[in-house]
Amino acid sequence: MISKIPFADFQPKFEVASCFIEVGDRFLLLLRQDAKSEGNKWGVPAGKVESGETTEQALVREIQEEIGLELSREGVEFFDTVYVRYPDYDFVYHMFRAPFDQEPTIALNLAEHKDFRWASMPEALLMNLVQDEDAWIAQDGSSDGY
């Protein structure tokens with residue numbers, strides 16, 4: 001379940017920072033390695049916030065680690081935060097955008113991902129996405145659909 005406000009008994013196990021790296025009407029999706037959690041599924045670049053990090057610092061670090069792209073905290077804009085409940089745990093999911101005029105060079109970290117693709121929202125919604133990624137992609141900033 002996804003909510004715009006924390007659930008009454010919400011106990012997040014971790015926080016995640018994610019980024020929609022956008023060029024026009026397309027954004028970057030990464031295909032997870034088979035052995036990873038939710039292996040062989042597509043998702044936007046994202047990762048856990050480490051102790052002592054802000055969400056922006058975690059985002060910049062994760063983007064560098066996953067795709068070799070240098071982002072500045074000023075180059076990203078906050079999009080939304082949602083509260084997620086899976087059967088075994090809760091977590092907080094922070095979403096950012098990083099718009100580009102042209103496709104940046106992607107240096108994929110093959111330990112984590114095996115491919116990348118630029119996709120429009122309709123194209124992405126037809127792909128084999130990580131759990132709830134369709135909700136993030138279709139998210140329009142309102143509480144509709146949550």
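This report walks through some salt bridges in a predicted model.

## The overall picture

Side chains of opposite charge can pair when their charged atoms come close. In this model, the count comes to 11 salt bridges.

Some of these pairings join up. Glu50, Glu53, Arg61, Glu62 and Glu65 are connected in a network of salt bridges.

## Arg61 and its partners

Take a look at Arg61, a member of that network. One of its partners is Glu62: their side chains form a salt bridge, with N and O 3.0 Å apart. Are these two residues buried or exposed? Both Glu62 and Arg61 are buried. For Arg61, the relative accessible area is 17%, and the cut-off for buried is under 20%, so Arg61 makes the list.

Arg61 also has a salt bridge with Glu65, where the closest N and O atoms are 3.3 Å apart. Where do Glu65 and Arg61 sit? Both are in helix H1, which covers residues 55-67. They're four residues apart there, and that's about one turn of the helix. Glu65 has a relative accessible area of 35%. That value falls between the 20% and 50% cut-offs, so Glu65 counts as partly exposed.

## Arg85 and Asp90

Here's another pair to find in the structure. Arg85 and Asp90 meet through their side chains in a salt bridge, at 2.8 Å from N to O.

Conventions
Residues are numbered from 1 along each chain as its sequence is written. This is a predicted model: local features need pLDDT of at least 70, side-chain atom pairs count only at pLDDT 80 or more; totals for chains, interfaces and linings use all residues. Side-chain values use heavy atoms; hydrogens and water are left out. A salt bridge is a side-chain nitrogen of Lys or Arg within 4 Å of a carboxyl oxygen of Asp or Glu. Buried means under 20% relative accessible area, exposed over 50%, partly exposed in between (1.4 Å probe, protein chains only). Helices (H or I, at least four residues) and strands (E, at least two) are DSSP runs, numbered from the N terminus.
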